[in-house]
Amino acid sequence: MDRETRLRLAVQKSGRLTEPSLDLLTRCGLKLSRGKDQLMGFGENMPLDVLFVRDDDIPDLVQEDVCDLGLVGLNVLEERQLELIARGTAARFEKLRDLDFGRCRLSIAAPNETRFEGAESLRGKRIATTYPYMLDRFLKSMQINAEIVTLSGAVEIAPRLGRADLICDLVSTGSTLQANHLREVLTVAESHAVLIRTPVPLVEFKAAWVERMLLRIDGVERVKESKYIMLHAPRAALPAIRKLLPGSESPTIIPLEGFPERVVVHAVCRENVFWETLENLKQAGASAVLVLPVEKMLA
Ligand code: PRP
Ligand code: ZN
């Protein structure tokens, strides 16, 4: 088929990572045409197609070279890695980037009404999870003997059904736990989205496109919080003002026509700019302060 000429990227079909993954691709310039319920999205302006799948399937789709690339949670990746090690093999996907979205934790949660006094309280308990390998590694590191109840989903209702005493699941906003009268008691691991690639070498054309995408992804990640600030300031206040500009490199200083003691300052700030910063700038003598979002940046 088109495997020689088109990249295939696996993305979670429906879940926490779907929207931010598609958002990243859009920011990288990809125009995707996708009919409703279609498993495959066609890249109209790039040789890149998106395959929508269950997130748990992404590590294997990539390491078996069904897809060239995958956007997946580190949690899913680590679990699969540990599972493969337990079976005497090794994971073969290659991590290309850690990404700044999909942040969550794999945590142990207990029913609201039960007592919990630290890791010791886990001893001899039944813990339901879809992450048995990560949970096992955690329990061993804490030298705790507990029973791992491996489920394939709906972990949060296991305590109510009497199948487990506690659960170990992903927590992002915490609303799933709350809705099920559970509370987070211990963090097992932190997670975020990552981009992985196939272990199989890519043909030159595809490899070049992967490099191009990586540059774009880096650009997108770089400008996420970035703001472009423009302001007027007394020349004498420049040192103070430069100190106040958050995460900015050397700003551009432009003379202000007709006002020899005043200048215009333009700066790219790598961090979010809060009202407080603007108020402090004003106090330091700045006026006509303008803050603009940065859309693209190429280093
Ligand atoms: C995880 C987890 C919870 C939910 C927690 O599911 O299994 O259901 O997210 O999020 P919250 O704290 O914001 O409520 P995920 O999207 O990873 O899907 P999956 O487990 O079905 O693959
Ligand atoms: Zn999943």
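Start by selecting Leu32, whose bridge partner in strand β3 is Gly43. Strands here are DSSP runs of E with at least two residues, and helices are runs of H or I with at least four residues, numbered from the N terminus. What you have open is a predicted model, in which local features need pLDDT of at least 70, side-chain atom pairs count only at pLDDT 80 or more, and totals for chains, interfaces and linings use all residues. Residues are numbered from 1 along each chain as its sequence is written, chains are lettered from A and ligands numbered from 1 in the order in which they are written, and side-chain values use heavy atoms, leaving out hydrogens and water.

**The sheet**

Now colour residues 40-43, strand β3: β2 pairs with it in the antiparallel sense over two bridges. Two strands count as paired if DSSP finds at least two bridges between them. Next, show the whole open sheet of seven strands, which runs β2-β3-β4-β1-β5-β12-β6 with mixed pairing. Its edge strands are β2 (32-33) and β6 (94-98), each pairing on one side only.

Contact means heavy atoms within 4.5 Å. Then bring in α3, which also packs on the sheet, touching β5, β6 and β12 (193-197).

**Arg80**

Stay with helix α3 (residues 74-86) and pick Arg80. Is Arg80 buried or exposed? Arg80 is buried, because its relative accessible area is 16%; buried means under 20%, exposed over 50%, and partly exposed in between (1.4 Å probe, protein chains only). Its side chain makes a polar contact with the side chain of Asp60 at 2.8 Å. Such a contact is a pair of N or O atoms within 3.5 Å; within protein, one must be able to donate a hydrogen and the other to accept it, and residues adjacent in sequence count only if both atoms are side-chain atoms.

**The zinc ion**

Select ligand 2: the protein donors of this zinc ion are Asp55 (OD) and Asp56 (OD), 2.2 to 2.3 Å from it. Donors are N, O and S atoms within 2.8 Å of the metal (3.2 Å for Na, K and Ca); water is not among the atoms, so sites may look incomplete. Asp55 counts as buried at 14% relative accessibility, whereas Asp56 is partly exposed at 40%.

**Ser226**

Finish at Ser226, in the loop between α6 (204-223) and β13 (227-234). Ser226 is buried, at 1% relative accessibility. Its side chain reaches the backbone oxygen of Arg222 at 3.0 Å.

Conventions
Axes fitted to C-alpha atoms, helices over the stretch in contact; angles between N-to-C directions.
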